[in-house]
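Me: I would like a close look at a single part of this structure and at what surrounds it. Please keep the account plain.

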Amino acid sequence: MVAPLRGVLVVLFGILVMFQTVSFPGQFASMAREDPDFAPLRWPATAIVVFWLLCGQVVIVSTWKLLTLVTKDRIFSDASFKWVDAILWAIGAAWVVLVGVFLVVGFNADDPGVPLLMFLMVVGVTALELLMLVMRALLRRATTLNTEMQAVI
């Protein structure tokens, strides 16, 4: 299953690059032209979205590196922790910015729809971060057991 997953990761990475360089900057420029009230938010919105996409790219690259360790049968080694930690840091950084945007939007919104959607996103990213922390703990336990088994053999 490693090869199909790598194929999906390549496609996903390419899509994120396209969104990062063409789609979102163009969309925010268009919104600024059509609605002058949005113009001051064009560059901050672009920077925030590009940052979130960059965090996603870090997760993709780290997943690729973990898959490499799987194929080399080295996933239960200390080498895997730096890639899991990179995933945790990327998700955590994206979460911090998301919470900041959620608070700004929430305190300035006239309609509860967008803040509620953003709250859902905050809860979802929080769940993802916590899941990754649990997976890291399981990896640590499996690595310890693997090391102990190797010492016995």
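Which residues does Ser62 touch, not counting residues up to four places away in sequence?

Reply: Ser62 touches Trp83, Ala86 and Ile87, once residues up to four places away in sequence are left out (contact means heavy atoms within 4.5 Å). This is a predicted model, in which local features need pLDDT of at least 70 and side-chain atom pairs count only at pLDDT 80 or more, while totals for chains, interfaces and linings use all residues. Residues are numbered from 1 along each chain as its sequence is written, and side-chain values use heavy atoms, with hydrogens and water left out.

Ser62 is found in helix α2 (helices are DSSP runs of H or I, at least four residues, numbered from the N terminus). Ser62 has a relative accessible area of 1% and is therefore buried (under 20% is buried, over 50% exposed, and in between partly exposed, with a 1.4 Å probe and protein chains only).

One of the contacts of Ser62 is Ile87, which has its place in helix α3. With a relative accessible area of 4%, Ile87 is also buried. Apart from Ser62, Ile87 touches Val59, Thr63, Leu66 and Met132, again not counting residues up to four places away in sequence. Ile87 and Met132 lie 45 residues apart in sequence, yet their C-alpha atoms are 8.0 Å apart in space.

The axes of α2 (residues 42–71) and α3 come within 9 Å and cross at roughly 165° (axes are lines fitted to C-alpha atoms over the stretch in contact, and angles run from 0 to 180 degrees between N-to-C directions). α2 and α3 are therefore roughly antiparallel to each other (an angle over 145 degrees). The crossing of α2 with α3 is left-handed (the near helix is turned anticlockwise from the far one by less than a right angle). The residues of this contact divide into 20 nonpolar, three polar and one charged (Ala, Val, Leu, Ile, Met, Phe, Trp, Tyr, Cys and Pro count as nonpolar, Asp, Glu, Lys and Arg as charged, and the others, Gly among them, as polar).

The loop between α2 and α3 contains Asp73. Asp73 is exposed, with a relative accessible area of 69%. Although Asp73 is not a glycine, its phi is positive, at about 55°.

Helix α2 also packs with α1 (residues 2–34), at an angle of about 175° and with the axes 10 Å apart. Therefore α1 and α2 are roughly antiparallel to each other. The contact of α1 with α2 is made up of 24 nonpolar, seven polar and two charged residues.

Met132, touched by Ile87, is one of the buried residues of α4, among them also Pro115, Met118, Val122, Glu129, Leu139 and Thr143. The buried residues of α4 pack against α3 (79–108). The axes of α3 and α4 come within 9 Å and cross at roughly 165°, so α3 and α4 are roughly antiparallel to each other. Their crossing is left-handed, and the residues of the contact divide into 22 nonpolar, five polar and four charged. As for length, the 40 residues of α4 (residues 113–152) should span 58 Å at 1.5 Å a residue, and the end C-alpha atoms are 59 Å apart, which agrees (the expected span is 1.5 Å times one less than the number of residues).

Conventions. Helix = DSSP H or I, 4+ residues; strand = E, 2+ residues; numbered from the N terminus. Parallel < 35°, antiparallel > 145°, perpendicular 65-115°, else oblique.
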